[in-house]
Amino acid sequence: MITAGGEVGSHFSPGFHCHRKAAMMSNFSDWQDRMLRAVWRHGEQLPEEVLTWMAELYGERGEIPESEFCESWTARTFSMARSAFETVTRSAEQDTGKAATGDDFCYIDYVRDPDLGPVGVVHIKSAEVSTPDSAEVLGAVAEGVQEFVMSHHRVTWPVCGEHDRGLHVGYFHETAVWKCAGGTTDGHVVRAIDPAVQP
């Protein structure tokens, strides 16, 4: 445009970029809200990891439809569960000397049933998980493997070396950990469930 003084100026107002960014954020918030309703998680306090993944997904692919988002959510959850299962069973086998995997064992199941919900669910013994959060998935898988080792091999795993007690799954700074109820009132963290992680 040409100003009153005859200078050529931009046809955008100085606040254009701010308005555009606000509109994009509004679009993302609306999309995020719709997607969380689609996976039956609206109103839940979701882990930061899940919200970050959603923001990255939006940045890469834009406003994908609900069906595609549910597919991505399920694929991510299943992939995390497969990786967690390998990590936890390897640890169980090293610690106990007992087999936790093999052709004879089938205690993890990846279920996709529209009648049960819009996203897939991983069942492992009595534990289940359907949220693509690495700590939650690892914790659920660890509980399932622990249950299998105890029921199939009659072995308590894992055990606190200090208190000689069986451990249970807990969370410390968004990390899935093995905790012991012995010692202090709140118990104590023995180690991360994933040996590669320091709690």
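This is a predicted model: local features need pLDDT of at least 70, side-chain atom pairs count only at pLDDT 80 or more; totals for chains, interfaces and linings use all residues.

Colleague: Are Glu-68 and Arg-61 buried, exposed or partly exposed, and how do you know?

Modeller: Glu-68 has a relative accessible area of 33% and Arg-61 has 39%; since buried means under 20% and exposed over 50%, Glu-68 is partly exposed, and Arg-61 is partly exposed as well.

Colleague: How many salt bridges does a search of the whole structure find?

Modeller: The search finds seven, and one of them joins Glu-44 to Arg-41, where the closest N and O atoms are 3.9 Å apart, a value that still lies within the 4 Å cut-off.

Colleague: Why is Arg-41 called buried, and what is Glu-44 called?

Modeller: Arg-41 has 8% relative accessibility, which is under the 20% limit, and therefore counts as buried, whereas Glu-44, at 45%, falls between the limits of 20% and 50% and so counts as partly exposed.

Colleague: What separates Asp-33 and Arg-37 along helix α1?

Modeller: They are four residues apart in helix α1 (residues 16–38), which means that about one helical turn separates them. Asp-33 forms a salt bridge with Arg-37, the closest N and O atoms being 3.3 Å apart; Asp-33, at 31% relative accessible area, is partly exposed, and Arg-37, at 49%, is partly exposed too.

Colleague: Why are α3 and α4 called oblique to each other?

Modeller: The axes of helix α3 (residues 66–96) and helix α4 (residues 134–153) come within 8 Å and cross at roughly 45°; because roughly parallel requires an angle under 35 degrees and roughly perpendicular starts at 65, the pair is oblique. The crossing of α3 past α4 is right-handed.

Colleague: Which residues make the contact between α3 and α4, and how many are nonpolar, polar or charged?

Modeller: Among them are Met-80, Phe-85 and Val-88 of α3, and Leu-138, Val-141 and Val-145 of α4; by class, the contact has twelve nonpolar, four polar and no charged residues.

Definitions and conventions: Residues are numbered from 1 along each chain as its sequence is written. Side-chain values use heavy atoms; hydrogens and water are left out. A salt bridge is a side-chain nitrogen of Lys or Arg within 4 Å of a carboxyl oxygen of Asp or Glu. Helices (H or I, at least four residues) and strands (E, at least two) are DSSP runs, numbered from the N terminus. Buried means under 20% relative accessible area, exposed over 50%, partly exposed in between (1.4 Å probe, protein chains only). Axes are lines fitted to C-alpha atoms, for helices over the stretch in contact, and angles run from 0 to 180 degrees between N-to-C directions. Angles under 35 degrees count as roughly parallel, over 145 as roughly antiparallel, 65 to 115 as roughly perpendicular and the rest as oblique. A crossing is left-handed if the near helix is turned anticlockwise from the far one by less than a right angle, and right-handed if clockwise. Contact means heavy atoms within 4.5 Å. Ala, Val, Leu, Ile, Met, Phe, Trp, Tyr, Cys and Pro count as nonpolar, Asp, Glu, Lys and Arg as charged, and the others, Gly among them, as polar.
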